[in-house]
Amino acid sequence: MKFGINNPAFLQMAGNAQAKEYFYIRSLADANEVTFANTKLGAFADNLEYSLDGNSWSPLSADDVITLNSGESILFRNPSNTVYNLAMGTNIVKTSDEYEVGGDIIKLFYPGIELPFEAFQSAFNGDVLIISASDLKLPATVLSNSCYSSMFSGCTSLTAAPELPATALAEGCYSFMFFGCTSLTAAPELPATALANSCYNSMFYECTSLTAAPDELPATALADSCYSSMFSGCTSLTAAPELPATALANSCYRSMFSGCTSLTAVTCLAEDISENLCTNSWLQNVAASGTFTKSDSMNDWTTGTDGIPIGWTVQNYVG
């Protein structure tokens, strides 16, 4: 079934609190067809409701197509409070043209704040039509293994990422999340202080337009492979986040900035780099010259791709 639209631009109202309560799609083009018609999501879609004005709600079927014009939006809600697990390597929605997403996606699938295993894995994977997720809410404070893994992987048109407020992470939770998002220019702040194995592994791998990383990765207790390949191939990145951890973990920084050919500034306060492969190839193929800031008590750095790049200036950190 195809729906005609007479949308009063409900979601374009600045600061609309009601809009943020629901997951929504806002079209960036005319005659944009939106559907949940995916065989793996059929049972899920049949239990959703949609609204075009934020007031009246109608049942949604898996084969329904909602046609939106540019600036028009559709809200979705889960009235049954049933938990739906999307850990099936598939996309949530399909559109015929460019769009942005926003609102509280957690409530659409999981009534609580604790996410099941692999909850949103690959939710938008490979969707070249999604332009922005800056207003998408991911408020869960209790994450699960691989819950956001590959969520936007291959979304080559994505220019803005959602906030990631969780402070306690789970194994692989953000791994490959923005892998290959070649239009993404800024990474969200990453306030987590409790890490898990591979939690950030390859998170921004080959985000070639990324120029702004978080100012700091604040965790001081690291986990195996936690930052492995995190910014590898980010060829526009010039400055690394400050790395305050003094003790490293196995493979924690492995290939972290490998291939960041514009990188010229690194601050790393590690005082023990003896763990297995902890800095293996972490600064391979960075800029030929730059500034490396280290702890004043650390004198065990080697030079080269596993340590301080040859040709870089070394200085002690002044807190």
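Is Glu49 buried or exposed? Glu49 counts as buried, at 18% relative accessibility. Buried means under 20% relative accessible area, exposed over 50%, and partly exposed in between (1.4 Å probe, protein chains only).

## Basis

This is a predicted model: local features need pLDDT of at least 70, side-chain atom pairs count only at pLDDT 80 or more, and totals for chains, interfaces and linings use all residues. Residues are numbered from 1 along each chain as its sequence is written, and side-chain values use heavy atoms, with hydrogens and water left out.

## Salt bridges

The structure holds 2 salt bridges. The term covers a side-chain nitrogen of Lys or Arg within 4 Å of a carboxyl oxygen of Asp or Glu.

Arg77 and Glu49 form one of them, at 2.7 Å from N to O. Arg77 sits in strand 7 (residues 73-77) and Glu49 in strand 4 (residues 48-51), so the pair ties together parts 28 residues apart in sequence. Arg77 is partly exposed, at 26%.

Glu100 also pairs with Arg26, with the closest N and O atoms 3.1 Å apart. Glu100 is in strand 9 (residues 99-104) and Arg26 in strand 2 (residues 23-27), 74 residues apart. Both residues, Glu100 and Arg26, are buried. Strands are DSSP runs (E, at least two residues), numbered from the N terminus.

## Cysteines

The whole structure has 0 disulfides. A disulfide here is a pair of cysteine sulfur atoms within 2.5 Å.

The Cys173 sulfur lies 5.2 Å from its closest cysteine sulfur, in Cys147, too far for a bond. Cys173 is buried at 0% relative accessibility. The Cys207 sulfur is 5.2 Å from its closest cysteine sulfur, in Cys181, again too far for a bond. Cys207 is buried, also at 0%.

Methods: Helices (H or I, at least four residues) and strands (E, at least two) are DSSP runs, numbered from the N terminus.
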